[in-house]
Amino acid sequence: MISSSGDTDGSPRPRRALPGRAGTVARLADDATSPGAPPLLVVAGPGGIGRSTVLAAVRETLTERGVRVLHLRLARNERDRHHALAARLTAELGTLHRAEDGRRAAHTAPVTPPEAGRDLTAALRSAVAPGETLVVLIDDLQWADTASRGTLLPRIRSLAGGPVTFVCGYRSTPGGAARDRAVLGRLRAAGLVRVVPLRPLCSAEVDTLVAHEVRARPSAALAARLRRDCRGVPAAVLASVAGYRRGGALRVLQRHACLTSPERPPEVPDDLPLVEHIRHLGEGAWSAAKALAVLHPLGPAAEGLIARALETDEQEVRARLELLRAEGVLHHTGGQWRFRLPLLAYALAGCLGQFERRRLSQVAVTAVWAGEAVADDRCLAEALVAAGRFVDPRRAAAELLALGRAVMLHDGHHAVRWLRAALDLTTEPERRAAALMLHATACCIHLRHAEAMESAWTVLSRYTGLVSSEDLFDMEAIWVVSAAGSSDTTVLAALAGERWRALPGGEGHRIVARCLALCHLERWREAVDHLAATRGIWSRENDLVAAVGQVVSETGAALLGRTAELDRSVDDPTRYPLWHRGGRHRFQRLTSLVRALMQFNELDRAEALLATHHLPSGYRPIPDRVIADSHAGQWDRALELARTALAAGTWVGELTSHTMASRELSTILAARGRLTEARAVIDQAKSVHSLLLHLLAVPESEWEQVLGGRERSLEVIKEALALAGERGLVVGTDELWLRRAEAELVTGDTAAARRSVAEVIRVADRIGTGRAHLCRLIGVAMVEGDHAASAEAIRLARRRDQPLELADTLQTVVRLGQADPALLREAYGLYGDLDALMRKAQLRNLMRARNISVPGRSATTAEHERLLAVLVTEGLTNREMSIALGCSEKSVESRLTRLFKRAGYRSRVELASAILTGDYPV
């Protein structure tokens, strides 16, 4: 076998087969050795579609079957050398003959080697002994010289029914040679050729390709970006993934590949074969393609603007673009030039030097300002950022400030980017202070704490005399909140001490700023009591101080169990000094109220509030959305959002939300059997400065109990209750007391359980939430055997309509013997909808104990295997798995043996690897 290295169409190096290509490879290998098949098989497709990979896979398949293969790869420069392919092919046949001559001599009569000047057909036949088959693979046939194609294609007819078959890769383009199409058409009509067009990969195949490349499944955001930019072209997909990795924009989290910023393009290398193809088309096409990469968003005006930028005429530019269209790089629809592969625009833009990029952006901005072109806001803003001082910096800064302000609530990535650029273009102190305040606000809203803190402090330290009293306090509040989000407890401690007296602004500023710091140090009672004592001062300072003071007072008091003020605000959120002062203030008001409700697990009230008073934009901080989606049973979406935030570094948002979101994420992961990952989420939450850490005790105690640590599980609950008591916190303690009562009943300490349920009742009476009332009903049912309480608990859980909560309630009351065991089927279905594999496995044990049949035997077996596979990947031992599943170690061993045998894996390592790449879906 003769082959060469490289991969000229940009496809990945040979694999067994690209996703979706296995059938194509098998059919090609069969046809290449079938007596009745055409003598010429042409694998056609555009650049990067995977022709080289398919041919390499065909070569491997044929070699494994013992078929003799000759593999040639043509280079671009061979198309200009007369008879280059014919000469190469004849020479390679001679080499192949000499290499095989000794082997043949033992079995066949000698064959005369090809001689100089003999016909190519004769050379082919003389290289094959009687009864043997030869398959000639020619990669990149489009680079064959005209003379060789004229020699080879007409002679295909004489090969029909013979021992030689050609399998050729051909790069198709819209402007492909008409003569080749005509020849292939005649051969096809005669049954002498079969053209195998390679289609783009579908979404699932792209996901598989990415999974094999990075050993993790692509997140929804990454998959969507690859679909949009790469259009199913394998080389583009791989180049894009490599570009994200090169730029540090791709992270693997929870077995998923995630983008750190979904809006950030990949850093595609300029030696990408797809780009090199354009470079080889000549300087004119190359410069036009690079210019179009920047100017194509301007639509029909782009052609003239390219001519202006390149200092040439439009006719010349049109000719260059037409060449690019003929080569399959561009398409022209609706008067606009577009790249067939959007990824190429990023790649070509990356080939521009700094001056080139700024010059092209200057042309774009100038044209828009002059009314010669139309651009949407994002296109104009990006051109302004790239142009920098190549355009009027004062006007550019003003427009960037306006554009950044307009998207501040719903597009954090671009808002922060544009406001930062405006700041860099601004020198006047008043304008600079305004830009800094907008930048700090956008960063704070979108949880970019370090940047928010830096801009806010710059205003506080340099521009206090140039901003209003309200703006000054706004920066103080952002500075405190961002310091907390950055885990800068030194700043918080200083403000809680004596440094607060040195803050600029009035006394009301200093009081509220200090209480903000106290809350973020979990000195809740001190903060709430101080605000109550000084209300007459801060409530009259200005509207912003009064508004922030009100929010801190009502939410802090609610956490301490004093919920009356929060309840009044939820009933009428317009009772707020800044309600009518713009979208940002309504956004912050509603967000704070919804967040407080979710801390008490009041999803129904939160949704009702948002249904009545809509948020000014569709944006909600990701941790808040994770909490809501988790409670609503939208677990896949919650996980996707959490991974997005973790990858982007915006997971640690408002600190109480961060703790709540971490609790929900850990609960979901544990319910799906991903116990190690669930533990890691809790550990991460504890590793940064967090608030309300006692709320993490519920999922932590659950996976301790799953793994057999009953004593440690109870200890976790007790420690959390002690922490809450130390800080005066009531929020979440209703559930903690209930868990404690349940554990105490298991140990037989009925008296202790009654005392714990009494605490549940006390908390429920105090805060009056739906969740607390549900805990009271379940607690009374546990210690009093009250069937009426169980029935009311079921009715309440149904009204609250939180799937996990309802399923857990049904399971609990049946386990207590106070409800119809048939309800377990409903709970089982709810867990199934959540894909809660671990919860379903545990529930199956209870169903068997209550003589309730488990629906779907085959589905149950498949779920058993999925859960085992997950637990293997999580690194659990057989003993830990047996405890988690409630069965013997021997049973686990036998189940694993069956799993490995059925799936074809020999070890835990192979199975874990298959899960990472998606070959074994879980």
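## Strand β1 and its burial

A residue counts as buried when its relative accessible area is under 20%. By that cut-off, in this predicted model, strand β1 is mostly covered, with six of its six residues buried. The side chains of L40, V42 and A44 point one way from β1, those of L41, V43 and G45 point the other way, and all are buried. In a regular strand the side chains alternate between the two faces of the sheet.

## The five-stranded sheet

Strand β1 belongs to an open sheet of five strands, ordered β2-β3-β4-β1-β5, with parallel pairing. The edges are taken by β2 (68-73) and β5 (193-197); each has a single partner strand, so one side of each is left without a neighbour in the sheet. From one strand to the next, the twist averages 15°.

Two strands pair with β1. Strand β4 (residues 164-171) runs parallel to β1 (residues 40-45) and is joined to it by six bridges. Within this pairing, V43 stands opposite G169, and V42 has C168 of β4 as its bridge partner. Strand β5 also runs parallel to β1, through five bridges. Here the bridge partner of L40 is V193 in β5.

## Helices on the sheet

What packs on the strands that pair with β1, and on β1 itself? Helix α2 and helix α5 are described here. Helix α2 (residues 51-64) touches β1, β2, β3 (134-139) and β4, and its direction makes about 160° with that of β3. Helix α5 (residues 146-159) also packs on the sheet, with β1, β3 and β4 as the strands it touches. The direction of α5 makes about 140° with that of β4.

## The β9-β10 hairpin

Strands β9 and β10 form a hairpin with two residues between them. In the turn, G334 has a positive phi of about 60°. The strands run antiparallel, and four bridges join β9 (residues 330-333) to β10.

Which side chains of β10 are buried? Along this strand (residues 336-339) the side chains alternate: W337 and F339 point to one face and are buried.

## Packing of α8 against α9

Two packed helices are described by the angle between their axes and the distance between the axes. For helix α8 (residues 220-230) and helix α9 (residues 234-246), the angle is about 130° and the axes are 10 Å apart. That angle makes α8 oblique to α9, and the crossing of the two helices is right-handed.

On the α8 side the contact is made by L222, R225, L226, D229 and C230. On the α9 side the residues are A236, V237, S240, V241 and Y244. By class, this contact has seven nonpolar, one polar and two charged residues.

Helix α46 (residues 908-917) has L911, A912, A914, I915 and T917 as its buried residues. Their cover includes the helices α7 (203-214), α43 (857-873) and α45 (889-903), together with strand β6 (217-218). Just after α46, G918 takes a positive phi of about 85°.

Notes:
Residues numbered from 1 in each chain as written. Predicted model: local features only at pLDDT ≥ 70, side-chain atom pairs only at ≥ 80, totals over all residues. Heavy atoms only, no water. Axes fitted to C-alpha atoms, helices over the stretch in contact; angles between N-to-C directions. Parallel < 35°, antiparallel > 145°, perpendicular 65-115°, else oblique. Left-handed = near helix turned anticlockwise from the far one by under 90°. Contact = heavy atoms within 4.5 Å. Nonpolar A, V, L, I, M, F, W, Y, C, P; charged D, E, K, R; others polar. Buried < 20%, exposed > 50% of the residue type's maximum accessible area, 1.4 Å probe, protein only. Pairing = 2+ DSSP bridges.
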